[in-house]
Amino acid sequence: GSTIFGNSNDDTHQFYGKLAVGKTNGTDTLKVQPANSQTVTLGMRFNYRTISTSGLTSSTGDYIVGFGGSSNIDFRLLSASTHNSGAVLVLKEESVARAAASNKITIHPSSPNTIDGDPTYILSGSVPAISLYSNGANWFVF
């Protein structure tokens, strides 16, 4: 059967003990175990977006951003506080053509945020990638 909790975005529901959702071949599809602070899932899928034009900004729903096209791209990160502490972004050059043309992808954090203390970050190399996390005040490479 179905279970519906609340009818607005400000509803809060607290559960105590283990929570399991669904089964695949006898194994919980999603399991939350408060006793050891773990969330276990059989597979994960994150939001993916591809960008091939300059001047776009990250969104709070972004996780993986792939850069296509062959021209220079300037990409702005929303503020670290808007993305919240613990937010993770994976940014990946997907175009061999851009690298061959010596064009760049420049990542700009929203002011006054930085990326590892720097006001910009340029993806360089052969189809490079960068993984970032937010501490709520700035962005850091990991």
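Here's a short briefing, going from the whole chain down to single residues.

Keep in mind that this is a predicted model. The protein chain has 142 residues, and 25% of them count as buried. You'll find two helices and 12 strands in it.

**The chain as a whole**

- Starting at the N terminus, the elements run β-β-β-β-β-β-β-α-β-α-β-β-β-β.
- The radius of gyration is 19 Å, while a compact globule of 142 residues would come out near 14 Å.
- Along the principal axes, the C-alpha atoms fill a box of roughly 55 × 35 × 30 Å.
- If you take the contacts between residues at least 6 apart in sequence, 48% of them join residues at least 24 apart.

**Salt bridges**

- In general, side chains of opposite charge can pair when their charged atoms come close.
- The count here is four salt bridges.
- Asp28 pairs with Lys18, with 3.4 Å between the closest N and O atoms. That pair links distant parts of the chain, as Asp28 is in strand E2 (residues 27-33) and Lys18 is in the segment before E1, 10 residues apart.
- Asp28 also forms a salt bridge with Lys23, and here the closest N and O atoms are 2.8 Å apart.
- Put together, Lys18, Lys23 and Asp28 make up a network of salt bridges.
- How covered are these three? Asp28 counts as buried because its relative accessibility is 11%, under the 20% cut-off. Lys18 counts as exposed at 54%, and so does Lys23 at 60%.
- Glu93 and Arg98 form a salt bridge too, at 2.6 Å from N to O. Both Glu93 and Arg98 are buried.

**The loop between E9 and E10**

- Asn113 is found in the loop between strand E9 (105-109) and strand E10 (121-123). Its relative accessibility is 10%, so Asn113 counts as buried.
- What does the side chain of Asn113 reach? One of its polar atoms lies 2.7 Å from the backbone nitrogen of Ala80. On the Ala137 side, the backbone oxygen is 2.8 Å from a polar atom of the Asn113 side chain.
- Leaving out residues up to four places away in sequence, Asn113 touches Leu78, Ser79, Ala80, Ala137, Asn138 and Trp139.
- Ile115 is found in the loop between E9 and E10 as well. Buried or exposed? Ile115 is buried, because its relative accessible area is 0%.
- With residues up to four places away in sequence set aside, Ile115 touches Leu77, Ile107, Pro109, Tyr121, Leu132, Trp139 and Val141.
- Where is Ile115 relative to Gln33? Their C-alpha atoms are separated by 34 Å, and the two residues are 82 apart along the chain.

- Leu19, Val21 and Leu30 make a nonpolar surface patch of about 210 Å².
- Leu19 is found in strand E1 (residues 19-24). With a relative accessible area of 34%, Leu19 is partly exposed.

Key. Residues numbered from 1 in each chain as written. Predicted model: local features only at pLDDT ≥ 70, side-chain atom pairs only at ≥ 80, totals over all residues. Heavy atoms only, no water. Patch = residues over 30% accessible without salt bridge, like charges linked within 9 Å, V, L, I, M, F, W, Y side chains within 5 Å. Areas by Shrake-Rupley, 256 points an atom, 1.4 Å probe, with all protein chains shown as cover. Salt bridge = Lys/Arg side-chain N within 4 Å of Asp/Glu carboxyl O. Helix = DSSP H or I, 4+ residues; strand = E, 2+ residues; numbered from the N terminus. Buried < 20%, exposed > 50% of the residue type's maximum accessible area, 1.4 Å probe, protein only. Polar contact = N/O pair within 3.5 Å; in protein donor to acceptor, adjacent residues only side chain to side chain. Contact = heavy atoms within 4.5 Å. Rg over C-alpha atoms; globule rule 2.2 N^0.38 Å.
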